[in-house]
Amino acid sequence: MRENFYKDYPEFHHTFDDGISYLEYALYGNLSLPGSIHLEIVDASEKMMKILNKIKEKIKTLSKEDLLSLGYSEKIIPYLQIDPLTNGSVTSRFDIVRTKGGFKFIELNNDTPFLIMENYQMDNILCEELGSIPVLKNRQNFLNESMILSLKEASEYLGKSLKDCTVAIMGYSYEEDLEEFTTLSFYQSILLKNGINCHYVNYKDIRVDMDERDVLTAEVGTIDILLKFAYPYEFLIEDSYSEKDGSIGLDMLKLMEEKRVFLMNPPGSHILQNKSTFAYLWELFEDRDFFNLEEKLFIEKYVPYTTTKGPEYF
């Protein structure tokens, strides 16, 4: 039944089979939960996001030394203030675990969240097949609207109208990384359906011309808005030119600072993706004035104690 179901969706990475190993990634089944649990998770996620955004604004005011102590790379620090999107990023994903003490937030994937096609398309289709109600029923519009809004704000950052911007999404090919390709192609399909021409470009084809101050490929030409949904800043800032000295990633960030290109998600999204954010949250918890009583009670209930102090990282 599983194979019969998924064969109708070849655009989805339901099975990984490279001829050496075989993995049935997508299941033919679901976990049913009471509506009360769904509502709790939604409500807690909204409150947690407000708390993290409050922390993000605090982090933006920290000194370079404080940012280094929190684990931010010295290379990315100069660009963390580039944070022009209303939502901070196109979309984010909380990782939550269910414990004997209830649900606990353990991290936020804010720069490069995956499980997008799974949540916004395949879960709906599978639940309809099985006669269940999907968690995100009829909610793909939220993702569509966030993507369109973010692109408009990106074009405004560049001082252009969206219709005058060349948009591209970068990633591996189907043969190089099936999951990445299908996930990014899903993002691309959303934009194409909304009348925005979005090119798919391979990482190896991207060039940075620091003389002309452009990011480009031979096929597409100059790119105004580059979607890097599978390439976190931790990798980008370490990415070097193959033919000369220097960092192609840092040059991209310089051009973004000059408003020659917009990288999406922007560097500001990296602030909350940093795993030490929750440790800093607990440092601020000890500050008598930063969190109000309601926020403190929420943190005690939903956020496991985290610290970077002492002999181990907890």
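Me: At what angle do the axes of helix α4 and α6 cross?
Reply: In this predicted model, helix α4 covers residues 116-130, and its axis comes within 9 Å of that of α6. The crossing of these two helices is left-handed, and the angle between the axes of α4 and α6 is roughly 65°.

Me: How many nonpolar residues does the contact of α4 with α6 have?
Reply: From α4, the residues Ile116, Met117, Tyr120 and Gln121 take part, and they meet Thr182, Phe186 and Tyr187 in α6. Tyr counts as nonpolar in this division, and the contact of α4 with α6 has two polar residues and no charged ones, while the number of nonpolar residues is five.

Me: Are α5 and α6 roughly parallel or roughly perpendicular to each other?
Reply: Helix α5 (residues 140-158) and helix α6 (residues 178-193) have axes that come within 10 Å and cross at roughly 75°. Angles of 65 to 115 degrees count as roughly perpendicular. The orientation of α5 and α6 to each other is therefore roughly perpendicular.

Me: Which residues in α6 meet α5?
Reply: On the α5 side, the contact is made by Gln140, Leu143, Asn144, Met147, Ile148 and Leu151. The contact of α5 with α6 divides into eight nonpolar, two polar and no charged residues. The residues in α6 that meet those of α5 are Phe186, Tyr187, Ile190 and Leu191.

Me: How are α10 and α11 oriented to each other?
Reply: The axes of helix α10 (residues 277-285) and helix α11 (residues 293-302) come within 11 Å and cross at roughly 135°, and the crossing is left-handed. Angles over 145 degrees would count as roughly antiparallel. α10 and α11 are therefore oblique.

Me: How many charged residues are in the contact of α10 with α11?
Reply: Leu281, Trp282 and Phe285 in α10 meet Lys296, Ile299 and Glu300 in α11. By class, this contact of α10 with α11 has four nonpolar residues and no polar ones, and the number of charged residues is two.

Me: Which element gives the most to the lining of the largest cavity?
Reply: A search of the whole structure finds one cavity of 30 Å³ or more, and the largest cavity holds about 50 Å³ of space. The residues that line the largest cavity are Ile106, Glu107, Leu108, Leu272, Gln273, Asn274, Lys275, Thr277 and Phe278. At least two residues of this lining come from each of β4 (102-109), α9 (270-273) and α10. With three residues, the element that gives the most is β4.

Me: What is the volume of the second largest pocket?
Reply: The volume of the second largest pocket is about 310 Å³. Of the 16 residues that line this pocket, the closest to its centre are Tyr203, Ile206, Arg207, Asp239 and Ile248. The lining divides into nine nonpolar, two polar and five charged residues.

Me: Where is the place of Asn265?
Reply: The peptide bond from Met264 to Asn265 is cis, with omega near 10°. The place of Asn265 is in the loop between β11 (262-264) and α9.

Me: What is the phi of Arg213?
Reply: Arg213 is found in the loop between β7 and β8 (214-217). Although Arg213 is not a glycine, its phi is positive, at about 60°.

Technical notes. Residues are numbered from 1 along each chain as its sequence is written. This is a predicted model: local features need pLDDT of at least 70, side-chain atom pairs count only at pLDDT 80 or more; totals for chains, interfaces and linings use all residues. Side-chain values use heavy atoms; hydrogens and water are left out. Axes are lines fitted to C-alpha atoms, for helices over the stretch in contact, and angles run from 0 to 180 degrees between N-to-C directions. Helices (H or I, at least four residues) and strands (E, at least two) are DSSP runs, numbered from the N terminus. Angles under 35 degrees count as roughly parallel, over 145 as roughly antiparallel, 65 to 115 as roughly perpendicular and the rest as oblique. A crossing is left-handed if the near helix is turned anticlockwise from the far one by less than a right angle, and right-handed if clockwise. Contact means heavy atoms within 4.5 Å. On a 1 Å grid over the protein atoms alone, a cavity is a set of points where a 1.4 Å probe fits but cannot get out, and a pocket is an open set with protein on both sides within 12 Å along at least five of seven lines; lining residues have an atom within 4 Å of a point. Grid points are joined across faces, edges and corners, and a volume is the space filled by probe spheres set on the points.
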